[in-house]
Amino acid sequence: MGELVKIFDTTLRDGEQSPGATMNVGEKVRIAEQLEKLNVDIIEAGFPISSEGDFEAVRAISRAIKRCEVAALARANPNDIDRAWEAVKVAKFPRLHTFISTSDIHLTHQLKKSKEEVIRIAARSVARARRYTPNVEFSAMDATRSDIDFLIAIFETAIRAGATTINIPDTVGYAIPSEFGNLIKTIRQKTKGIEKVTVSVHCHNDLGLAVANSLIAVQNGARQVECTINGIGERAGNTSLEEVVMAIRTRKDLFPLHTRVLPKHLFATSRLVSKITGMVVQPNKAIVGANAFAHESGIHQDGVLKEKLTYEIMTPESVGIPKSSLVLGKLSGRHAFRERLKDLGYRLSEKDFELAFARFKQLADKKREIYDEDIESIVVEEILRMPKRFKLVYLNVIAGNVTVPTATVQMEVDGKLMQEAGFGDGPVDATFKTIKKITRTKSKLLQFAINAITSGTEAQGEVTVRLEEKGYTVIGQGADTDVIVASAKAYINALNKMEFKKQKLVGM
Ligand code: KIV
Ligand code: ZN
């Protein structure tokens with residue numbers, strides 16, 4: 001198992017400093033509860049002096065969390081420290097985290113203080129925090145651009161004043177792994193008293209090196225990593241929690257250490273943070289991105305189907321993703337296509353299989369990724385010949401900036417001609433509402449997307465809609481040079497699929 005590397009999560013403090021990621025108190029408590037489930041060691045809940053909202057959030061989290069330490073951030077001054085303590089004191093395991101800048105650039109241009117003054121302030125602040133709690137962290141802001149002798153001197157001072165964790169931040173994301181590793185090593189070798197405290201690192205991702213820097217620091221003796229879910233944070237973000245945890249776990253040969261994090265909750269935590277902050281996770285994001293376990297090339301898919309170890313260094317299940325998703329595309333072969341059909345519950349004769357495979361290849365030439373719904377649509381509509389209850393006959397839409405958008409729609413429903421008109425919040429909304437009225441359907445619209453198939457204003461617009469009813473989803477597509485007509489076609493296509501599904505699935 002090896003020594004413990006503590007995971008200090010700062011999603012709710014540094015993570016919230018991402019532009020646009022502001023969360024309310026309830027949302028922060030919800031994330032903190034999920035972090036507790038994930039089993040992080042410390043949750044940095046906020047910066048209480050910065051606002052009433054932050055103060056309230058730190059206090060609410062301190063009350064709610066029972067198994068993790070809860071940290072509150074404070075600049076190195078009495079007001080900040082007192083306010084931070086006021087917010088965090090109700091926690092079962094409170095921590096005060098105080099910081100001051102140490103680089104010449106910050107001392108000259110921001111603090112306008114001498115090194116001697118900064119050392120005195122650090123000593124007084126740690127001592128004040130220490131009067132409240134024995135759990136005090138001291139951070140030297142902009143450590144990686146600071147004079148090493150000064151850094152060692154301030155850390156010795158903080159340790160003498162009672163700090164129990166010494167944090168070395170790469171505040172501006174400037175360090176390169178080899179130099180950051182050496183910095184940690186030197187500080188551990190030369191700072192008197194360092195063996196009594198936990199050495200922590202806090203890296204920013206401005207050069208895309210936050211995770212690499214945190215890992216080299218761990219190899220050089222750091223035993224706390226400060227990080228955030230999905231790597232969110234100030235500017236380019238912080239060290240990504242999921243990446244550090246999984247690197248330590250996956251490369252046990254290089255890290256004879258452990259964290260307490262339960263990786264099976266990583267995916268759900270990532271989704272929750274993304275949903276609450278509105279910060280979308282890029283599809284190719286390591287560990288938690290939509291494509292992180294998606295094998296696209298035929299050779300990779302064939303290998304994974306034979307033995308997962310061929311192309312998977314960790315299983316999707318281990319991070320909480322139910323199963324590896326093979327995204328089918330133009331490079332996919334018969335093997336992968338047959339497996340997916342099986343997963344979807346279709347057993348086709350050899351003749352029908354060959355027909356379906358040929359159609360799939362044609363579609364994959366036009367469309368990069370083929371989803372389950374696309375395959376279902378090939379099988380259902382083209383191989384098993386889905387009956388169409390609904391057909392569009394006529395569509396007329398009036399829209400503009402001085403008129404209420406109105407749609408008049410004529411459709412065939414089970415062979416009977418029907419017509420209706422209706423209003424909406426825009427031409428598409430008016431069209432969909434009117435179609436819904438005619439077809440008397442209850443499906444909920446989950447997604448609507450327009451894509452231009454060709455360039456220019458005369459381009460063919462391809463519309464995709466995703467509908468849901470009683471837990472079942474279908475995708476409908478429609479193309480036309482008029483995007484409103486394309487939208488109507490896509491919506492009706494999806495409704496027909498849902499009708500077909502309803503007939504086939506008992507109890508819907
Ligand atoms: O990046 C930084 O230096 C910080 C400190 C407050 C630890 O966030
Ligand atoms: Zn930071």
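N230 counts as buried, at 12% relative accessibility; buried means under 20% relative accessible area, exposed over 50% and partly exposed in between (1.4 Å probe, protein chains only). Its phi is near 65°, a positive value in a residue other than glycine. This is a predicted model: local features need pLDDT of at least 70, side-chain atom pairs count only at pLDDT 80 or more, and totals for chains, interfaces and linings use all residues. Residues are numbered from 1 along each chain as its sequence is written, and side-chain values use heavy atoms, with hydrogens and water left out.

**Loop residues with positive phi**
- N230 lies in the loop between β9 (224-227) and α9 (241-250). Helices (H or I, at least four residues) and strands (E, at least two) are DSSP runs, numbered from the N terminus.
- N39 also has a positive phi, near 75°, and is not glycine.
- The loop that holds N39 runs between α1 (25-38) and β3 (42-46).
- N39 counts as partly exposed, at 23% relative accessibility.

**The barrel**
- 8 strands close into a barrel, in the order β2-β3-β4-β5-β6-β7-β8-β9, with parallel pairing. Two strands pair if DSSP finds at least two bridges between them.
- Neighbouring strands of this sheet are turned by 25° against each other on average, direction ignored.
- Strand β2 (residues 6-9) runs parallel to β9, joined by 4 bridges.
- F8 has E226 of β9 as its bridge partner.
- Helix α3 packs on the sheet and touches β4 (69-75) and β5 (94-101). Contact means heavy atoms within 4.5 Å.
- The direction of α3 makes about 160° with that of β4. Axes are lines fitted to C-alpha atoms, for helices over the stretch in contact, and angles run from 0 to 180 degrees between N-to-C directions.

**Helices α2 and α3**
- The axes of α2 (residues 52-64) and α3 (residues 78-88) come within 7 Å and cross at roughly 40°.
- α2 and α3 are therefore oblique to each other. Angles under 35 degrees count as roughly parallel, over 145 as roughly antiparallel, 65 to 115 as roughly perpendicular and the rest as oblique.
- E52, F55, V58, R59 and S62 of α2 meet R83, E86, A87 and V88 of α3 in this contact.

**Cysteines**
- The structure holds 0 disulfides; a disulfide is a pair of cysteine sulfur atoms within 2.5 Å.
- The sulfur of C203 has its closest cysteine sulfur in C227, 10 Å away, too far for a bond.
- C203 counts as buried, at 0% relative accessibility.
- C227 counts as buried, at 0% relative accessibility.

Conventions:
Chains are lettered from A and ligands numbered from 1 in the order in which they are written.
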